[in-house]
Amino acid sequence: MTEKTGKKEGLSSVFCPLSSAGVSGLHLTSIGHGALLLEPSLSLDIGNGGAALEEIVRSLQRINATRLYYDLAELAVIEPLYYNWLNALGRACRTINVRMICVHMQPTAAFALSRYMEQMPTFETALDVEIWNKESK
Amino acid sequence: MVKKHTQFSSRLIDLLKTQIGNITGSIEKEGRMLFGGSNNLMSADEISDFSIEFFQLLVALLESKDPLDDASPQFHALEIFFNNLSHQILVRGGRVEDLVRFNQFMQRALIDALESNRQDEPEQITTAQDFDELKTILLFLSTTFNELNLAVFQAYLEEKESTIHAQEAELRETATPITEIWDGVLTLPIIGTLDSSRTMLIMEALLNRIAQERATAVVMDLTGVKNIDSQVSHHLIQMMRAVQLMGAEAILTGIRPEIARALTSLNIDLGSVTTRATLSDGLKEAFRRMGIHVSRGQRTEDR
């Protein structure tokens, strides 16, 4: 977007869509301050999450990210399989010294997840990206 | 059988047509006494409209293929009519007893009309066929009005259920007063007994409120909770987890010694939950985490 217009040079480094290297359902955007926003779509195949995980880690390392924001706004319910995927990604982020923060979790998803969750997840949670960006500045 | 039905129904239709003035007159009079005047449940026009509509529906039922069939559309229409009328009267503060009495009166008015018609033609009573026909008429009236009484009771039960549901909803609202005490800080004082279903309701309301208000901290005060069991304590922990998953800080306050003892004996670890002694301490903690400093300002002189 910013590359096409070429006018908002300051923002081009802040909001920069990254390539997902052929992994469907991944939409990664660099949002500045060493943070990457991941907006998964419903086509993300978590059954074969290894490739997606590698791609996310690669993108994080490419921009020297310190935080990964995982947007859960589109998920009304988080089932155990998806929760395992989130935990796996959280662990992967920890291994490369990146904090993973899930944002926009829906009340229904939080309700369902709290019922079968036995331990605290490997990721952090926040209401939205803005708050964490303000805190981290 | 159908022929028999045709005979009794045509006789009743004739009766209704010839004595419609007398019957509606007495029904309207009784209706005004029970529901009109100072009772103020129905206006004179409504009572009059009701009598006419009742007659139209009764005639439609008598003209149907089998008037004794309580599954026929005509019978169903009559039931719905009575159900609606009952709702209307009950909502306005009427009593179910008066509705039943009114039904009984209408039945009696029809039987009286039948009797007076028979006295006008005394020769009809002599035949066995006529006796059989009268029996069928009485059976029809008794069955129909019994069903209509059931429709009245059904309406009564529906009204009662609706009142109970409304009261329950109101109680739920007042039992879980979630208040935004500061921008982004919600407080939830829980009062009374916590059972599983109530905990679930509180949890649902709280999570929706967090999303709605974009709350960053929730202070749950248990000062008013006297008892807690294993299941409820697990629900409580689930609630705290769900709040944290939404991205808000969860602070639990006002844990009474009895509750603390129960949680310990149930082997429940509140290590992952921030707790404070009082609601005031909980609020201070929420403010501290949000970087808000509340201090006593200089008092301004009254003008």
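Biologist: Let's start with one residue: is A:G47 buried or exposed, and why?

Modeller: You count neighbours. A residue is buried if 20 or more other C-beta atoms, placed from the backbone, lie within 10 Å of its own, exposed if 12 or fewer, and partly exposed in between. A:G47 has 8 other C-beta atoms within 10 Å, so this glycine is exposed. A:G47 sits in the loop between β3 (35-38) and α3 of chain A. Its C-alpha atom is 8.8 Å from that of A:Y82, 35 residues away along the chain.

Biologist: Before we go on, what are we looking at, and how is it labelled?

Modeller: This is a predicted model, where local features need pLDDT of at least 70, side-chain atom pairs count only at pLDDT 80 or more, and totals for chains, interfaces and linings use all residues. Residues are numbered from 1 along each chain as its sequence is written, while chains are lettered from A and ligands numbered from 1 in the order in which they are written.

Biologist: Which scores does the model get?

Modeller: The ipTM is 0.73 and the pTM is 0.58. Then there's pLDDT, the predictor's confidence in each residue, from 0 to 100. Chain B averages 83, and 92% of its residues score at least 70. Among the elements of chain B, helix α1 (residues 2-18) has the lowest mean, 71, and strand β4 (residues 249-253) has the highest, 92.

Biologist: How many helices and strands does chain B have?

Modeller: Helices (H or I, at least four residues) and strands (E, at least two) are DSSP runs, numbered from the N terminus. Chain B has 10 helices and five strands. Of its 303 residues, 27% count as buried.

Biologist: Where does chain A touch chain B?

Modeller: Two residues are in contact if their C-beta atoms, again placed from the backbone, lie within 7 Å. That gives 14 residues of chain A against 16 of chain B. On the chain A side, α5 (107-116) and β6 (124-126) are the elements that give two or more residues. The largest share, six residues, comes from α5(A).

Biologist: Which residues touch the most other members in the largest nonpolar core?

Modeller: A nonpolar core is a set of buried Ala, Val, Leu, Ile, Met, Phe, Trp, Tyr and Cys residues joined through C-beta atoms within 7 Å. The largest one here has 62 residues, and A:L68, B:V218 and B:V243 touch the most other members. Helix α8 (residues 230-245) of chain B gives the most to this core, with six residues. Take B:V243: leaving aside neighbours within four places in sequence, this valine is in contact with B:L206, B:I210, B:V218, B:A248 and B:A250.
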